[in-house]
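Dear colleague,

I am handing over the structure below, together with some notes on what was found in it. Please keep it open while you read.

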Protein chains: 4
Amino acid sequence: MTTLLSPNVEHKPMTDKRQAILDTALSLFVSQGFHGTSTASIAKQAGVATGTLFHHFPTKEVLMESLFLTIKQEFANALLLNIKEGGDLKEHAEQLWQSAIDWSIDNPIKQLFFQQYSMSPMIAASIREQAMNSILGFIAQLIQKGQLMGLISHYPIELMLENCHGQYLAATRYFIDNPELGKDKHHRDASFALFWKALRAD
Amino acid sequence: MTTLLSPNVEHKPMTDKRQAILDTALSLFVSQGFHGTSTASIAKQAGVATGTLFHHFPTKEVLMESLFLTIKQEFANALLLNIKEGGDLKEHAEQLWQSAIDWSIDNPIKQLFFQQYSMSPMIAASIREQAMNSILGFIAQLIQKGQLMGLISHYPIELMLENCHGQYLAATRYFIDNPELGKDKHHRDASFALFWKALRAD
Amino acid sequence: MTTLLSPNVEHKPMTDKRQAILDTALSLFVSQGFHGTSTASIAKQAGVATGTLFHHFPTKEVLMESLFLTIKQEFANALLLNIKEGGDLKEHAEQLWQSAIDWSIDNPIKQLFFQQYSMSPMIAASIREQAMNSILGFIAQLIQKGQLMGLISHYPIELMLENCHGQYLAATRYFIDNPELGKDKHHRDASFALFWKALRAD
Amino acid sequence: MTTLLSPNVEHKPMTDKRQAILDTALSLFVSQGFHGTSTASIAKQAGVATGTLFHHFPTKEVLMESLFLTIKQEFANALLLNIKEGGDLKEHAEQLWQSAIDWSIDNPIKQLFFQQYSMSPMIAASIREQAMNSILGFIAQLIQKGQLMGLISHYPIELMLENCHGQYLAATRYFIDNPELGKDKHHRDASFALFWKALRAD
DNA sequence: AATGAATGAGCTTTCATTCAT
DNA sequence: TATGAATGAAAGCTCATTCAT
């Protein structure tokens with residue numbers, strides 16, 4: 001039993017100082033940039049001592065990379081969750097597209113984080129590539145399958161992948177800048193239509 | 001008289017030292033980031049004293065913005081130079097597209113600079129927008145004209161602009177990462193084909 | 001009952017962990033210095049938790065002093081063990097000298113520890129003096145006896161003690177730097193000859 | 001002309017912030033140890049900003065080494081200055097010995113600095129050796145000359161050098177601990193007598 | 001007795017900027 | 001214009017020590 005004077009609020013095992021640090025780092029890195037965010041400010045806003053931050057993440061860079069890998073995993077999980085068997089290739093593509101857009105709308109800060117850092121020299125190239133490939137590898141397969149079926153144009157695969165990525169980033173930018181349009185079927189359909197028309201065979 | 005793409009920028013006398021500082025800042029900002037580059041290192045590599053840098057640019061931010069505006073102007077000039085009257089709308093679009101790609105291939109460092117900073121909080125939003133709009137305004141007109149002529153799909157204009165930008169960034173990334181393909185007609189044509197197919201009316 | 005060279009030291013139960021900490025501290029303090037060695041690194045290399053170190057030694061300084069006193073005791077014991085009754089004063093002196101050199105050769109790390117810390121402000125002056133005097137007091141008696149017998153020169157006693165100490169440190173440095181000479185009778189005899197010639201009456 | 005209100009005290013070209021830093025570092029390193037002395041405290045007591053210290057010495061280690069080499073040079077100069085031609089070998093040796101003792105008495109802090117750091121791992125081994133050899137090389141020649149002349153015992157030269165060094169350190173310790181005895185001929189003579197008797201041939 | 005996450009003061013070093021020359 | 005020594009606030013990181021388990 002807890003009274004007003006001894007609430008059990010503080011009693012939950014604060015194992016998640018680590019999580020608090022990650023959460024705070026995400027929002028500060030996005031709003032102020034990596035170098036613009038001091039480790040002291042992260043610790044303070046996360047409600048922990050500076051030493052605690054370095055207890056969990058030996059350097060600021062490691063903190064950044066942990067954040068990156070964590071979010072990338074969340075994104076990958078979200079896409080995988082929504083994949084349904086059955087349906088034709090275009091439907092599959094749309095499902096994937098809309099799931100990805102949904103995730104970015106539901107997690108705008110994380111999407112901004114990706115946009116800012118997935119191509120920045122802040123994160124070791126190896127980690128970036130690994131993260132990108134695990135997602136894009138999936139898309140590459142889908143494109144190649146579509147080309148065999150005569151549904152997708154025969155342009156160089158690397159160029160097409162880069163193009164997909166660019167269109168995806170553009171769409172998320174649009175919906176994050178205009179949040180009220182994220183649930184508008186007209187705009188959502190338009191974003192996929194542009195994407196699909198670029199790829200499809202004439 | 002100033003045109004849309006070449007607004008009047010105060011022409012400071014481009015002394016050797018001033019230009020050396022700008023050139024060095026460009027390459028260091030791209031390779032090490034804004035915060036990762038000290039004013040001391042810029043001055044040293046440019047062969048001037050630290051005081052000299054601050055004589056020409058009162059703050060590091062002003063140096064950055066001067067760089068941004070200078071390069072943006074160069075890019076705009078390059079596009080304008082290649083615009084030819086006559087021809088149909090698709091030819092106009094392709095001319096513009098290929099000129100822009102050409103510039104990015106000829107100036108990879110400057111393109112990387114754009115990619116890193118044109119969306120970063122490093123540069124005042126007003127300056128970024130001004131720079132972007134002076135280019136994109138041009139594209140917007142072209143798209144609207146195409147829609148009236150029934151050549152371009154009727155999707156929301158802001159979405160289409162964002163999409164154009166995204167596809168352009170993707171294409172330049174591709175050609176900068178694969179420099180040997182920049183002169184290959186097959187790949188160059190493919191890059192425009194993807195772009196145009198996305199936009200055109202069915 | 002306690003003798004001059006083995007005063008009663010509280011015998012804390014030398015658990016495995018406590019000894020592991022002392023051993024590790026010795027080697028790290030010698031190789032990296034007192035301030036260059038973190039308590040965390042001692043604990044880690046000793047295979048215990050940081051808290052355990054502070055369970056046995058309330059502060060880092062206390063750990064250092066425990067180490068100092070422990071080693072000093074070992075040294076004193078080694079000297080005492082080899083003292084034989086009978087023989088003349090010079091033989092006594094040589095016995096003492098060679099025992100001390102033997103110990104330093106057998107325990108080079110501990111000797112280095114003495115060399116680094118027996119005169120450093122790291123260890124409270126009182127503890128240093130106590131440790132030094134318990135050894136040097138013994139030497140002082142020997143010198144005074146020699147002077148009475150006309151075997152040793154009549155220089156100021158404090159100067160002679162300092163000189164003995166200095167020559168001893170020099171000899172151990174020599175044998176630790178040249179371990180292969182430690183068993184060479186020629187060099188061992190030479191080291192005592194220098195020492196004795198300095199002291200003896202003409 | 002300077003008045004009370006505008007003394008020219010502050011007008012000497014303060015190029016010697018560098019020297020002020022070295023002087024302050026010397027006294028603090030000796031009294032508090034290298035690690036016990038913060039760069040901030042050196043700068044503050046020297047009357048300069050922290051940045052200034054790092055302007056002159058890129059790291060704390062470099063400051064330490066600069067100090068070491070500077071003082072070593074001073075010591076070498078002092079010895080060389082007092083060397084007089086003529087006289088026999090023993091007189092030469094005494095001259096050298098007394099000059100060295102004089103220097104240590106005149107510069108007790110610098111001598112303490114040597115005592116603390118000339119054998120510490122704080123200073124790179126190469127620098128330490130270089131410094132030691134330039135002095136000891138001189139002594140080595142003198143010893144070998146004396147051996148040829150039959151004035152000095154034939155013990156291993158390295159052992160003798162180490163012994164000389166040890167006796168010198170002991171003597172300076174004695175005179176620095178007992179400053180009033182530094183000018184006492186009796187004690188000064190005794191210190192050399194001990195030294196010389198150790199070396200001389202029987 | 002033993003653990004190790006948490007603490008926060010303190011450290012060395014960096015760097016944009018100033019100013020006397 | 002040009003210089004570079006000087007500044008000092010602020011940064012990332014360390015570490016002896018505590019304490020709940």
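How many residues of chain D are in contact with chain C? Taking contact to mean heavy atoms within 4.5 Å, 27 residues of chain D touch 27 residues of chain C. Before going further, please bear in mind that this is a predicted model, in which local features need pLDDT of at least 70 and side-chain atom pairs count only at pLDDT 80 or more, while totals for chains, interfaces and linings use all residues. Residues are numbered from 1 along each chain as its sequence is written, chains are lettered from A and ligands numbered from 1 in the order in which they are written, and side-chain values use heavy atoms, with hydrogens and water left out.

**Chains D and C**

The buried area (the accessible area, with a 1.4 Å probe, that two parts lose on being put together, summed over both) is about 2900 Å² for chain D and chain C, with 65% of it on carbon and sulfur atoms. On the side of chain D, the residues that lose the most area to chain C are Leu159(D), Leu194(D) and Lys197(D), which together make up 23% of what that side buries.

Four salt bridges (a side-chain nitrogen of Lys or Arg within 4 Å of a carboxyl oxygen of Asp or Glu) are found across this interface of chain D and chain C. In one salt bridge, the side chains of Asp202(C) and Arg200(D) come together at 2.6 Å, N to O. Helix 8 (157-177) and helix 9 (185-199) of chain D are the elements that give two or more residues to the side touching chain C, helices being DSSP runs of H or I with at least four residues, numbered from the N terminus. Of these, helix 8 of chain D gives the most, with 11 residues.

**The two domains of chain A**

An automatic or database domain assignment divides chain A into domain 1 (1-58) and domain 2 (65-199), whose C-alpha centres lie 31 Å apart. Between these domains of chain A about 850 Å² is buried, of which carbon and sulfur atoms give 79%, and Leu22(A), Leu26(A) and Val30(A) supply 59% of the area that domain 1 buries against domain 2, more than any other three residues. The count of salt bridges between domain 1 and domain 2 of chain A is zero.

With best wishes
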